[in-house]
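Trainee: Please take a close look at one part of this structure and tell me what packs against it and what it is tied to. I would like the cut-offs spelled out as you go.

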Amino acid sequence: MSARTPARTLRRGEGAPVRNRNQGDLKLLLAELGQYLRQVRYFLRDPELIAASTEDLRHKMAYLSNLSQVVRLQYFDLEKNSGSDAGSHILYHCLASISTRLHRRAELALNVVRQVGNLSDPSFLDDYGLEEFFDEIDFGLALIRPALEQRKFKLVVRMCQVEERLDALYADRFRRLINEMDQGLGQPGDRVTTLMVVHYLERIGDLILEVGEQLIHVTLGENLRYSQYQALTAGLKASGQGLGLAGFQSIWTGRSGCRICLVGCEEGEEGGQPVIFKHGPVAKLEKERDNLEIWGELWPGLTPRLR
């Protein structure tokens with residue numbers, strides 16, 4: 001729900017991010033995680049390697065865990081010493097959170113390999129297109145570094161959209177597996193195991209989304225969930241407003257869980273005005289909208305115009 005406010009100049013908040021020169025270990029963690037996921041993908045292609053690969057992956061998992069902890073503690077120290085620099089504080093806090101989520105991706109990938117060991121025949125997975133899952137996961141991982149270095153919001157949005165595509169792939173495999181089990185096809189244990197495999201891959205998508213939302217925080221200097229960004233975009237599009245992310249500012253959060261933000265218009269747009277954007281439970285917002293419309297009829301001009 002959004003409401004028009006009188007036009008005024010919007011300023012970037014003090015939380016605007018600054019460039020960071022201490023990302024060496026994070027880049028190493030990204031590179032090692034990429035190699036780890038490629039190993040998992042390679043082992044799944046060759047069933048004969050599954051049994052021998054689990055122990056190697058477990059040792060690599062321990063290395064990634066230690067590296068993630070080093071990176072996390074490094075950024076916690078930087079955050080603690082950042083003083084009153086709000087931009088640096090946001091950046092280091094988000095990078096520490098990202099390192100934790102990168103480690104969780106590796107854990108879920110290892111769970112995939114462990115589950116494959118429960119199949120009567122590892123080649124059973126060949127019919128369920130796991131390559132599509134890994135293509136999306138690799139794409140999301142490849143976007144982290146450029147999104148962080150270039151601070152381009154479009155890259156962050158593309159990363160968040162990976163989770164939506166992985167959800168769609170999981171839903172497709174879920175329906176297919178449930179339908180096959182209903183028909184009594186093959187061994188049900190293999191299909192339950194396959195369901196667990198695609199579930200773990202889908203959960204990696206959830207972590208990709210969480211990393212994307214941390215990068216939204218770094219890019220905008222504001223803590224904005226991807227679902228809130230989608231609602232904001234849809235609301236401003238419906239009202240004919242340009243999306244001025246440079247002017248996005250949180251101005252109020254209530255106990256009800258609603259969030260109120262001030263959003264500027266795209267630079268150079270004629271006749272554009274900033275708007276108030278409110279995000280929260282649908283039923284509560286609909287009730288507020290109805291009440292405002294009643295007051296608008298009783299006293300025209302008293303309430304803001306809603307979209």
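Mentor: What follows is an account of helix α4, its partners and a few sites elsewhere in the chain.

This is a predicted model, in which local features need pLDDT of at least 70 and side-chain atom pairs count only at pLDDT 80 or more, while totals for chains, interfaces and linings use all residues. Residues are numbered from 1 along each chain as its sequence is written, and side-chain values use heavy atoms, with hydrogens and water left out.

Helix α4 spans residues 130-150. Helices here are DSSP runs of H or I with at least four residues, strands are runs of E with at least two, and both are numbered from the N terminus. Two packed helices are described by the angle between their axes and by the distance between those axes. The axes are lines fitted to C-alpha atoms, for helices over the stretch in contact, and the angles run from 0 to 180 degrees between N-to-C directions.

Start with α1. Its axis and that of α4 come within 11 Å and cross at roughly 170°. The two helices are therefore roughly antiparallel; angles over 145 degrees get that name, those under 35 are roughly parallel, 65 to 115 roughly perpendicular and the rest oblique. The contact (heavy atoms within 4.5 Å) draws on Leu26, Lys27, Leu30, Leu33, Gly34, Leu37, Val40, Arg41, Leu44 and Arg45 of α1. From α4 come Leu130, Glu131, Phe134, Asp135, Ile137, Asp138, Leu141, Ile144, Arg145, Leu148 and Glu149. By class, the α1 and α4 residues in this contact divide into 12 nonpolar, 1 polar and 8 charged. The nonpolar class is Ala, Val, Leu, Ile, Met, Phe, Trp, Tyr, Cys and Pro, the charged class is Asp, Glu, Lys and Arg, and the others, Gly among them, are polar.

Next comes α3 (residues 86-116), which packs on α4 at an angle of about 160° with the axes 13 Å apart. This pair is therefore also roughly antiparallel. The contact is made by Leu91, Leu95, Leu102 and Arg105 of α3 and by Ile137, Leu141, Ile144 and Leu148 of α4. It holds 7 nonpolar, no polar and 1 charged residues. The crossing of α3 and α4 is left-handed, that is, the near helix is turned anticlockwise from the far one by less than a right angle, where clockwise would be right-handed.

Now the charged side chains. The structure holds 15 salt bridges, each a side-chain nitrogen of Lys or Arg within 4 Å of a carboxyl oxygen of Asp or Glu. One of them joins aspartate 138 to arginine 41, with 2.7 Å from N to O. Aspartate 138 lies in α4 and arginine 41 in α1 (residues 24-45), so the bridge ties together parts 97 residues apart in sequence. Arginine 41 is buried at 11% relative accessible area, whereas aspartate 138 is partly exposed at 25%. Buried means under 20%, exposed over 50% and partly exposed in between, with a 1.4 Å probe and protein chains only.

A second bridge runs from glutamate 136 to arginine 165, at 2.9 Å from N to O. Glutamate 136 sits in α4 and arginine 165 in helix α5 (residues 153-182), 29 residues apart. Glutamate 136 is buried at 17% relative accessibility, and arginine 165 is partly exposed at 31%.

Another bridge links aspartate 172 and arginine 173, again at 2.9 Å from N to O. Aspartate 172 is partly exposed at 37%, while arginine 173 is buried at 5%. Through shared partners, salt bridges also join Arg41, Glu131, Asp135 and Asp138 into one network.

In the loop between α4 and α5 lies arginine 151. Arginine 151 has a positive phi of about 55° although it is not a glycine, and it is buried at 18% relative accessible area.

Valine 112, in α3, is buried at 0% relative accessibility. Apart from neighbours within four places in sequence, valine 112 is in contact with Leu44, Val197, Tyr200 and Leu201. Serine 68, in helix α2 (residues 50-80), is buried at 1%. Leaving out residues up to four places away in sequence, serine 68 touches Leu29, Ser99, Thr100 and His103.
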